[in-house]
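Okay, thanks for making time, everyone. Let me put the structure up and walk you through a few spots.

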2 protein chains.
Amino acid sequence: MSLRHAILGILSVKPMSGYELKKVVDGSVGHFWTADRSQIYRTLSALVEEGLASRGTVVQEGRPTLHPHTVTDAGLAELDRWLASPLQAPPTRDAFLARLFFADRLPPERVRALLDARHREVAEELAELEAIEFPPRDALPEGVTELGYALREAARDHGLAHARAELAWIDATRRRLERITP
Amino acid sequence: MSLRHAILGILSVKPMSGYELKKVVDGSVGHFWTADRSQIYRTLSALVEEGLASRGTVVQEGRPTLHPHTVTDAGLAELDRWLASPLQAPPTRDAFLARLFFADRLPPERVRALLDARHREVAEELAELEAIEFPPRDALPEGVTELGYALREAARDHGLAHARAELAWIDATRRRLERITP
DNA sequence: CGCACATATGTGCATGGTCCTCTATATGCA
DNA sequence: TGCATATAGAGGACCATGCACATATGTGCG
């Protein structure tokens with residue numbers, strides 16, 4: 001859906017090949033977005049076809065040819081249009097909650113096991129987020145504005161806040177279950 | 001992905017037609033799951049073909065024929081298998097965060113507008129969740145166990161907790177932005 | 001020497017999903 | 001009278017995604 005725009009956003013910072021894009025997506029924005037390799041290549045092709053990006057060629061010795069992609073002016077315009085467009089929130093889908101909702105078919109200890117597994121997962125996620133180091137504010141990497149820096153911090157904090165809320169909810173739910181099936 | 005299982009779960013409580021299912025999905029589990037009408041019908045057909053549900057026929061006067069679907073024993077087995085299976089969390093995708101991450105291209109007041117819009121949305125969602133009334137614990141509807149009741153409350157609390165965390169994060173982010181672009 | 005892994009780009013296929021449209025009838029509203 | 005909405009189901013087009021696989025080459029390890 002908006003993988004197009006996520007890619008436009010990343011490319012607007014710096015031209016990249018599909019291969020490099022994949023690594024950036026996995027690393028930098030991995031907390032709130034993912035993309036399959038083949039999907040990235042397909043999306044890049046589509047962007048080029050639509051005139052939103054242009055494809056370069058860098059022949060390398062000893063390794064495969066690189067195809068760095070650059071956002072065109074039309075691409076930047078589309079990116080800005082998207083940034084300003086009304087955000088229609090996609091319907092939330094939580095497979096874990098769906099499971100839990102119907103989990104009264106399971107014996108209570110299995111329900112607790114579901115919560116425990118979830119707790120472990122989220123705790124791991126939280127630890128990863130907490131491990132993210134930001135460079136000191138007074139030494140911003142080139143091309144990064146103060147606003148951009150703040151937004152990237154905010155994105156990480158979003159993950160932190162929700163991970164902590166999730167852990168707290170799991171604890172409360174555990175206590176709730178203990179009360180009815182000790 | 002697990003619309004199959006969500007439907008099995010709902011049908012396990014009470015046989016239903018596709019039409020009725022759609023309403024239940026939109027209402028009761030609407031906070032964490034959605035489904036397109038045609039997709040529901042297709043999924044029901046698939047379930048019947050796989051022997052996980054059976055299709056009945058109720059001819060009505062003056063309105064279209066009903067096709068209530070009932071979960072078979074195989075369907076219940078599949079449901080239990082799914083409930084107990086390891087939950088591989090699908091990658092999180094948050095279009096709003098993606099937008100915000102690249103929003104340093106926008107003038108600061110537009111960024112604030114994004115946060116404001118989001119705040120309104122989440123506040124509305126929160127109000128809807130808060131409006132949900134549960135029947136008193138001592139008068140459970142038939143077929144609902146105490147565990148089931150607690151899990152449904154927990155599902156709502158999940159929505160509440162995250163909506164509140166989101167609002168708090170938005171406030172913090174607003175303050176963060178005010179500090180750098182007063 | 002063989003094997004795994006990294007670099008780099010793709011194709012093909014199946015799945016799951018949304019959106020739009022069609023078919024019928026009944027009720028209610030202006 | 002006409003229009004919207006509710007009831008009930010279904011087909012077609014299209015899209016994004018994910019998995020498996022293909023292609024070539026280089027490096028490091030045991």
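Let's start at the DNA. One phosphate oxygen of DNA strand D sits 3.2 Å from a side-chain N or O atom of B:Lys23. Keep in mind that this is a predicted model, so every distance I quote is computed from predicted coordinates.

A base oxygen of DNA strand D comes out at 2.7 Å from an N or O atom in the side chain of B:Arg42. Then there's B:Arg37, with a polar side-chain atom 3.3 Å from a base nitrogen of DNA strand D.

Zooming out a bit, how many residues surround DNA strand D? It's 25, and the closest are A:Arg42, A:Gly62, B:Tyr19, B:Arg42 and B:His67. If you take the atoms of DNA strand D within 4 Å of the protein, 62% are sugar or phosphate, and the rest are in bases. As for who provides that surface, helix H3 (37-49) of chain A, plus helix H2 (18-27) and helix H3 (37-49) of chain B, each supply at least two residues of it.

Now, the two protein chains. Chain A goes onto chain B with an RMSD of 0.1 Å, using a turn of 180° and a shift of 0.0 Å along the axis. That's the relation of a two-fold axis. And 100% of the interface residues of chain A are interface residues in chain B too, so the copies meet through the same surface.

Next stop, helix H4 of chain A, residues 73-84. With 12 residues, H4 spans 17 Å from first C-alpha to last, close to the 16 Å you'd expect at 1.5 Å a residue. Which residues of H4(A) are buried? They're A:Gly75, A:Glu78, A:Leu79, A:Trp82 and A:Leu83. Looking down the axis of H4(A), those buried residues fall within an arc of 135°, so they line one face of the helix. And what do they pack against? In chain A, helix H1 (3-13) and strand S2 (69-71); in chain B, helix H5 (95-101) and helix H6 (108-130).

Last one: B:Ala155, which is in helix H7 (residues 146-180) of chain B. Its relative accessibility is 9%, and since buried means under 20%, B:Ala155 counts as buried. Leaving aside neighbours within four places in sequence, B:Ala155 is in contact with A:Leu97, A:Phe101 and B:Phe32. B:Phe32 is 123 residues away along the chain, yet the two C-alpha atoms are separated by 8.6 Å.

Okay, that's my tour.

Key. Residues numbered from 1 in each chain as written. Chains lettered and ligands numbered in written order. Predicted model: local features only at pLDDT ≥ 70, side-chain atom pairs only at ≥ 80, totals over all residues. Heavy atoms only, no water. Helix = DSSP H or I, 4+ residues; strand = E, 2+ residues; numbered from the N terminus. Expected span 1.5 Å × (residues − 1). Buried < 20%, exposed > 50% of the residue type's maximum accessible area, 1.4 Å probe, protein only. Arc of directions from axis to C-beta. Contact = heavy atoms within 4.5 Å. Least-squares fit on C-alpha atoms with pLDDT ≥ 70 in both. Near = heavy atom within 4 Å. Polar contact = N/O pair within 3.5 Å; in protein donor to acceptor, adjacent residues only side chain to side chain.
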